[in-house]
Amino acid sequence: MPRIPLPWLAEHVALRPGTDAEALAADLVKVGLEEEAIHPAAVSGPLVVGRVLTEVGEPQKNGKTIHWCTVDVGPEHNATNPADPDGPACRGIVCGAHNFGAGDLVVVSLPGVVLPGGFEIAARKTYGHISDGMICSVRELGIGEDHEGILVLDDDAIARYGLDPDALVPGADAKAMLGLADEVLEINVTPDRGYCFSMRGVAREYSHSTGAAFTDPGVPTAADLEPAAGEFAVELDDDAPIHGVPGCDRFVAQVVRGVDPSRPSPGWMQRRLTQAGMRPISLAVDVTNYVMLDLGQPLHAYDLATLHAPIVVRRARPGERLTTLDDVDRALDAEDLLITDSEGDRGARIIGMAGVMGGAATEISASTTDLLVEGAHFDPISVARTARRHKLPSEAAKRFERGVDPLLQRVAVRRCAELITTYGGGEISEVLTDAGGGFAPVTVTLPLDLPERVVGVAYTRDEVLGTLRELGCELGPVREQGGTQVVDATVPSWRPDLLVPVDLVEEVARLRGYDRIDSVLPSAPAGRGLTFGQRMRRRAADALADAGWVETLSYPFVGDAELDALGLPADDPRRDAVRLVNPLAETQPLMRTSLLLTLLATARRNVSRGVGDLAVFEVGLVTVADAKAAPAPTGGVYPGDDVLARIEAAVPSQPRHVAGVLAGRREPAGWWGPGRAADHTDAIEAVRLVARAVGAEVTVRAAELMPWHPGRCAAVLLGDTVVGHAGELHPSVVAGLDLPARAVAFEVDLDALVAAVPDAPRQAVPVSTFPLAKEDLALVVDEAVTAAELGAAVRAGATGSTAGHVLEELRLFDVYRGAQVGEGKKSLAFALRLRAADRTLTAEEIEAVRESAIAEAAGRCGAVLRS
């Protein structure tokens, strides 16, 4: 986000006296520029100018020579002379640099100063002296990289840092002189206001907010709008424009010769670049960056000696590659707009990706004396696609993709060339190349009552017209159209986002003040509230939460690592996932096909942070790889209902699942007992709980499916259709994810459960007033017989007895294995609760139910009543 040093901003707009970063933020937020951060001054404490009075070299045993100095730091800061109590007041300081002497003016950090990086200065004893401060180098002050010696405030430093010689007296505040006391405001700019990525744009907005006088540094002259054929030819040859708009409609090239490559950029410029978040590199590069930050026009400087005319702006061809300035070799796409020169053949050599990054072949070097400065206007959509395709969010791309003023190029190139020759010498070629041009401004017809009708505030005619003029619009006469007054507003070149009347309405609301818009709570329309599906999903989530589970939310992006962690076989359909073209992370390019892929990562993260007993669940979408080929519509125009319908039909299915992971104790330990560890039956019961909450009837049967343990996994069936699984996780999965031993999990298709339930009021069942009869059955079966199979047999026998449908509840309450039942056997004990709606059950009826249940269990499962 843009960073705004206040002194830099003050060059374009009259800041109110006493304005600090906090006050600036308050003024800018009124016009929609929100504060992102306030960066405090780089240095705090007494940093002053000092004059070296004496300097004595003292060789040390380690071969190093230090300098014991007395320094006059002004009457306010001087102390008793440590070398001569009767001498002039000063401070004694030990210094290891050798590039200064008595009489020199230097920058002194007194005790209490905190330098960049949190380096705090204090008086300390060193080399046999009390060093009462520090004489600073450029790097220690954070205004450059030079650390060979300390900063001497001589004529060269005065010119480099723009200092006032008359102000350089002992005790003067060096922070203010060097810009180290400046606060910097960082703001958040919305995508439609790219002009605010410059001091020019922010200064204009400050003027809108406060009425302060604004001086526009980017106003072109009449000559700046005329095409020009300079000494270096440029051709615009975009034969495949995106959405019918040329990728480059203006290209300005200015030659500068004889620049001294050894000259650095001025200190004030380096300081401003650093405050704005950019690293100073060299004079030519720093100037192009500075002008970009100041005016909002990205620039690029080429080594003229490496170029071959003409420059050709064209689209990439199949198989072309480019090594960019970051030394990355990139394969180019046919949509990429390129800057090429004619080494060998016209447009043959690629020298840059238009609006994104230059190429390494024409990079400015330490021996470059002749430059070609480029300032162009590129199509925002073309630049945005290239930047995202190559993952290059450069400072230039950030501005071009938001829209750059198409009339600014010659102004910016001229400013850049003047700064380069001012600080690096050389000459500007008398003629420049300006190819393209022909900007056609947008005119919007605005009904003068539209702002009031849309916003709800009674704006007067003068307020509306005044706001449009304040924006920079050129207005035609007010006229009648369709019974209402309208005005034709020609939008300024720096606002490409203003295209239709409501865009101007938004500007009226913004500049007249959002505080004028009343907060009115809209009346809620009549309706049924939540849909049936929403109510069912909330019931399922509420039921799990009431049972002690904690709901979580995870991103749906996964990669091969997550699939491998679940031990999925190569042919498992869950590996057939939808792949994203532009993933947030290269390691996670797939859409999840199972909630457990991301929920287990959530569980792992919580366990790694000390959560021992864990019960988490998630309700979310999974993506099925059943997408069809979708048409690619042309950007910028409505594709038509048929194309939109085909696109919608091609979207892959995304059923909603619910999944949970349980680890550690299900019941905590305490004075009441040792607690109980979670097991596979808890996962199965969670599925049954979800089914009961939505009103679906499910059954379970033994199954084998990763990531579950083959002997402790149950398939969840809705009728004859498998809709999920539950059970204990496979030991290899548990070990690989560092989860507690014998962790359990479930996942079920929640949409399938909801779809099986009719969207109709539930019929209330009368409550019987007759007494309950209780019967318990302990049945011995083979180990291979599941509890679900035996329970189904008991239920069928009980409901099929001569007593009729009197089974109210059937519950498994005990499982026993041991010597009493024999090897390979187990005992399953069921509680039967019997009640009739119209009578008290007789002993004969209860016995009939019992005998029928035993007989059916024996017939189906070979069960024997345990004695």
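Modeller: Glu685 is partly exposed, at 37% relative accessibility (buried is under 20% relative accessible area, exposed over 50% and partly exposed in between, with a 1.4 Å probe and protein chains only). Its salt-bridge partner is Arg692, with 2.8 Å between the closest N and O atoms (a side-chain nitrogen of Lys or Arg within 4 Å of a carboxyl oxygen of Asp or Glu). Arg692 is likewise partly exposed, with a relative accessible area of 48%. This is a predicted model, in which local features need pLDDT of at least 70 and side-chain atom pairs pLDDT 80 or more, while totals for chains, interfaces and linings use all residues. Residues are numbered from 1 along each chain as its sequence is written, and side-chain values use heavy atoms, leaving out hydrogens and water.

The count of salt bridges comes to 62. One of them joins Asp642 to Arg646, whose closest N and O atoms are 3.9 Å apart. Both residues belong to helix H18 (residues 641-650) and stand 4 residues apart, about one turn of the helix (helices, H or I of at least four residues, and strands, E of at least two, are DSSP runs numbered from the N terminus). Asp642 is exposed at 53% relative accessible area, whereas Arg646 is partly exposed at 45%.

Another salt bridge holds Arg204 to Asp216, with the closest N and O atoms at 3.1 Å. This pair links distant parts of the chain, 12 residues apart: Arg204 is in helix H6, and Asp216 is in the loop between H6 and strand E13 (234-236). Arg204 counts as buried at 8% relative accessibility, and Asp216 as partly exposed at 21%. Arg204 also lies over the face of Trp494, 3.8 Å from the ring centre (CZ of Arg or NZ of Lys within 6 Å of that centre and within 35 degrees of the ring normal).

Helix H6 itself is mostly covered, for 10 of its 12 residues are buried. Among them are Met199, Val202, Arg204, Glu205 and Tyr206. Glu205 takes part in a network of salt bridges with Arg193, Arg495, Asp497, Glu507 and Arg510. Just after H6, Gly211 adopts a positive phi of about 80°.

The aromatic pairs number 7 (ring centres of Phe, Tyr and Trp, the latter by its six-membered ring, within 6.5 Å; planes under 30 degrees apart are stacked, over 60 edge-to-face and the rest tilted). Trp268 and Tyr290 make an edge-to-face pair, at 5.4 Å centre to centre and 80° between the planes. Distant parts of the chain are linked here, as Trp268 sits in helix H7 (residues 267-275) and Tyr290 in helix H8 (residues 283-295), 22 residues apart. Trp268 is buried at 17% relative accessible area, and Tyr290 is buried at 2%.

Phe378 and Phe400 are also edge-to-face, at 5.1 Å centre to centre and 70° between the planes. Phe378 is in strand E22 (residues 371-378) and Phe400 in helix H10 (residues 395-400), so this pair ties together parts that are 22 residues apart in sequence. Phe378 is buried at 1% relative accessibility, as is Phe400 at 3% relative accessible area. Finally, Trp268 and Tyr290 belong to one aromatic cluster with Trp8 and Tyr423.
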